[in-house]
Amino acid sequence: MSEHSVQDAERNLTDLIDRALAGEGVVITRDGRPVATLNPIRRAGRPITAEDLDWLAQRRVPMQVPMQDAGQLVRALRDDEW
């Protein structure tokens, strides 16, 4: 883990971001006290593929609720009929 003053971070931000992306802990200090860290944003999961969509379509469960237009559904929910 490396510590860098705010002024140093301003001058070397691109390098510090690259170091954080490489997995190094980067701490920004002000008056010698830690005030911020640089961490990479991790993407959740992986992109959805056509195979994923096919898998879902094969396992789709039909709706058990009779189809109705949105207005009827909202009225039913509002009036506790559903």
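Which residues form a nonpolar patch on the surface, and with about how much accessible area together? The points below take up this matter and then the rest of the fold.

1. Basis of the note. This is a predicted model, in which local features need pLDDT of at least 70 and side-chain atom pairs count only at pLDDT 80 or more, while totals for chains, interfaces and linings use all residues. Residues are numbered from 1 along each chain as its sequence is written, and side-chain values use heavy atoms, with hydrogens and water left out.

2. Surface patch. The nonpolar patch on the surface is formed by Ile48, Leu53, Trp55 and Leu56, which together have about 470 Å² of accessible area. Patches are made of residues with over 30% relative accessible area and no salt bridge, like charges being joined within 9 Å and nonpolar side chains (Val, Leu, Ile, Met, Phe, Trp, Tyr) within 5 Å; the areas come from the Shrake-Rupley method with a 1.4 Å probe, and for residues only the protein chains shown count as cover. Trp55 is found in helix H3, residues 50–58, where helices (H or I, at least four residues) and strands (E, at least two) are DSSP runs numbered from the N terminus. With a relative accessibility of 47%, Trp55 counts as partly exposed, given that buried means under 20% relative accessible area, exposed over 50%, and partly exposed in between (1.4 Å probe, protein chains only).

3. Sheet. Three strands make up an open sheet in the order S1-S2-S3, with mixed pairing, two strands being taken to pair if DSSP finds at least two bridges between them. Strand S1 (2–5) and strand S3 (33–38) are the edge strands, each pairing on one side only, and the twist averages 35° from one strand to the next. Angles run from 0 to 180 degrees between N-to-C directions, and axes are lines fitted to C-alpha atoms, for helices over the stretch in contact.

4. Strand pairing. S1 pairs with strand S2 (residues 26–30) in the parallel sense over four bridges; in S2, Val26 is the bridge partner of Ser2 and Val27 is that of Glu3. S2 and S3, by contrast, pair in the antiparallel sense over five bridges, and Thr29 stands opposite Pro34 in S3. These two strands, S2 and S3, form a hairpin with two residues between them, and Asp31 in the turn has a positive phi of about 55°.

5. Cover of the sheet. Helix H2 (residues 13–21) lies across S1, S2 and S3 and runs at about 140° to S2, contact meaning heavy atoms within 4.5 Å. S1 has a covered face, made up of Ser2 and His4, and an uncovered one, made up of Glu3 and Ser5. S2 is largely enclosed by the rest of the structure, because four of its five residues are buried.

6. Salt bridges. A search of the whole structure finds five salt bridges, each defined as a side-chain nitrogen of Lys or Arg within 4 Å of a carboxyl oxygen of Asp or Glu. One of them joins the side chains of Asp8 and Arg11 (3.9 Å, N to O); these two residues are three apart in helix H1 (residues 6–11) and are therefore separated by about one helical turn. Arg11 counts as exposed, at 62% relative accessibility. Another links the side chains of Arg46 and Asp52 (2.8 Å, N to O), and Arg46 is exposed, with a relative accessible area of 58%.

7. Arg19 forms a salt bridge with Glu24, with the closest N and O atoms 2.9 Å apart. Arg19 is partly exposed at 27% relative accessibility, and Glu24 is partly exposed with a relative accessible area of 27%. Salt bridges that share partners join Asp15, Arg19 and Glu24 into one network.

8. A separated pair. Gly71 lies in helix H4 (residues 70–78) and, at 30% relative accessibility, counts as partly exposed. Gly71 and Arg43 are 28 residues apart in sequence, and their C-alpha atoms are 38 Å apart in space.
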